[in-house]
Amino acid sequence: MGLNNIVVVIGGLAFFLFGMSVLSTALKKVAGKRLEVILEKMTDHPLKGLVLGAIITIAMQSSSALTVMLVGLVNSGIMNIAQTVGVIMGSNIGTTLTAWILSLSGLQTDNIFLSLLKPANFSPIMALIGVCLIMAAKEQRKKDLGQVLVGFAILMHGMEMMSDALSPLSEVPEFVDALTAFRNPFFGVLIGTLFTAIIQSSAASVGVLQALSLTGHITYGVAIPIIMGQNIGTCVTALLSTIGVSKNAKRVSVIHISFNLIGTAIGLVLYLMLDWGMKLPIFNEAIKPFEIAAFHSIFNIVTTLILLPFSKNLVNIAENVIKDDGRQEVFLDKRLLLTPAIAVKECKKKSALILQDAMTGYMSAISLIGDYDGDKRDNVKELEEKVDEMVESCNNFLIQLSSKDVSDSDSETIATTLHTIGDMERISDYSLNLSTVAKKIDQTDYDKKELKKSLKEMNTSLESLFENLALAYETDDISKANTVRIQSEELVDQIKKAKKSDLKKLRKGKMDAEMSVYMSDYLSISRRVVEHIQNIAEAIII
């Protein structure tokens, strides 16, 4: 094997990894909305999580990326540890799909129809269709689909490059002799672990092994331990992602590692019994790409079936390894940016929480008018500060998210959310202003009971307006948003009438000047809040 072959192998691996990256990114965009739905349906049932984990991994084409995403979700408090167990198990099964596709590269047949299944024959057609979609399609979704096809074609081209460059190894005695070292199962597991950890992709690692198997000198005894080691190596990315996160999020990585270590240990024991104990001759026979894919799937499925009933035990192991330090979750974890579609969805959910706290703070401030309490005003201030912190975090997150490659609909959601959280923050700010007005009113001799009675209708209307706004925002209900807009217009008219009424009372001497000023402040603040509510409702409608 000359220098040229080595360069081609390295280049083929580069094409493979690049194709995998393009394919994964495009698939996440195409399946973005579906990923959101899948995520919302997650429960604490491991079996359901198992299926969902496999589906998401197939869509993302990376079990490591899924685990990193889980770390981010747990660190943000969106998911709990128990929910991640089944998903992690399912991700190990979902990642085997790539190996099955790559196994077609070893297909040998004279049948013209079956030969079309060979990637070398159909990937150029996929690349052509993909390029046409990217260049000619007007819809972003079709362009994303084109990227999927091009990414897959690049991936398969890299596989073919590696296979062609490695084929001369079958005639190199030194290579055949070197394989005897890999025949040691413990060394094979170590090599599989290290190689996968370096390139951070078990799918690519299996692909390289399948390319090597085409030389005809990779035996079952060599391949099986390497495949088991690859499952351990894929944990490295998730392990690195836990740097700087809460203890609870670190447990996700511990579950992932524990699951793969235990599974490999069980598989290795069984392997030693069959090879060293029973000395089955099959371990000395050459393995083919299809058989590598089959063992990869069987190993992960069997391991999952064995450990699925012990899901709670895996959680206990994680909790014992990582002791709780009481650290709070972050509002939005940056690891969610790895999957923009999920990040957009979760950011929208968090903005709904901001709206809820802003509304709660403002209604609490209203309750202080005519019934002032210092402790309640402190609560209003705490809520206002909390909203400010959440808005700042959400703003920074959305700005970073806007630089990612997102779909048109997600881009619109990002822009809308950026604007609406500004209105939410202003509503929260006005709650503090209103509490100050309430304090001043409390220091007057004005009849507080009569005041609360006169403001009851307006405050009730505002509370109803807030409730409808929350429903419209959380569900993107245009009909409900239109209702909010109509209610807002009616409430603005009500505020205008109240201002005229107070002015008449002042002129007739039925209201003192000081109280008139405070009531004017209250009505002005109320009108501004209603205007911000209208802005949010219009953003939903648009």
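My entries follow, grouped by topic.

**Ground rules**

I am working on a predicted model, where local features need pLDDT of at least 70, side-chain atom pairs count only at pLDDT 80 or more, and totals for chains, interfaces and linings use all residues. Residues are numbered from 1 along each chain as its sequence is written, and side-chain values use heavy atoms, with hydrogens and water left out.

I take helices from DSSP runs (H or I, at least four residues), with strands as E runs of at least two, numbered from the N terminus. I call a residue buried under 20% relative accessible area, exposed over 50% and partly exposed in between, using a 1.4 Å probe and protein chains only.

**Salt bridges**

I looked for a side-chain nitrogen of Lys or Arg within 4 Å of a carboxyl oxygen of Asp or Glu, which is the salt-bridge rule. How many salt bridges does the rule give? The count is five.

Asp476 pairs with Lys348, and their closest N and O atoms are 2.9 Å apart. Asp476 sits in the loop between helix 21 and helix 22 and Lys348 in helix 18, so this bridge ties together parts 128 residues apart in sequence. I checked the cover on each partner. Lys348 is buried because its relative accessible area is 15%. Asp476 is partly exposed, at 45%.

Helix 18 (residues 340-367) also holds Lys349 and Glu346, three residues apart, about one turn of the helix. Their side chains form a salt bridge at 3.7 Å, N to O. Glu346 has a relative accessible area of 2%, so I list it as buried. Lys349 is partly exposed at 36%.

I then moved to helix 23 (residues 513-541), where Arg527 and Glu531 are four residues apart and therefore about one helical turn from each other. Their salt bridge is 3.6 Å, N to O. Both ends come out as partly exposed: Arg527 at 31%, Glu531 at 34%.

**Backbone phi**

Most residues other than glycine have a negative phi. Phi of Asp476 is near 55°. The loop holding Asp476 runs between helix 21 (448-475) and helix 22.

Lys279 is another non-glycine residue with a positive phi, about 50°. I found Lys279 in the loop between helix 15 and helix 16. Lys279 counts as exposed because its relative accessibility is 61%.

**Aromatic pairs**

I paired rings of Phe, Tyr and Trp (its six-membered ring) with centres within 6.5 Å; planes under 30 degrees apart are stacked, over 60 edge-to-face and the rest tilted. The search of the whole structure gave five aromatic pairs.

Tyr271 and Phe283 have ring centres 5.0 Å apart and planes at 75°, so I logged the pair as edge-to-face. Tyr271 is in helix 15 (residues 247-277), while Phe283, twelve residues apart from it, is in the loop between helix 15 and helix 16 (289-307). Both residues are buried.

Phe295 and Phe299 make a stacked pair, at 6.0 Å centre to centre with 15° between the planes. Both are in helix 16, four residues apart.

**Surface patches**

I built patches from residues with over 30% relative accessible area and no salt bridge, joining like charges within 9 Å and nonpolar side chains (Val, Leu, Ile, Met, Phe, Trp, Tyr) within 5 Å. Areas are Shrake-Rupley values with a 1.4 Å probe.

The nonpolar patch of Leu3, Ile6, Val7 and Ile10 has about 410 Å² of accessible area together. Ile10 lies in helix 1 (residues 3-30) and is exposed, at 57%.

A positive patch includes Lys496, Lys497, Lys500 and Lys504. For charges, Lys and Arg are positive, Asp and Glu negative, and His and the chain ends are not counted. I place each charge at NZ of Lys, CZ of Arg, CG of Asp or CD of Glu. Lys496 is in helix 22 (residues 478-507) and is partly exposed at 39%.

Ala65 belongs to helix 4 (residues 63-75) and is buried at 18%.
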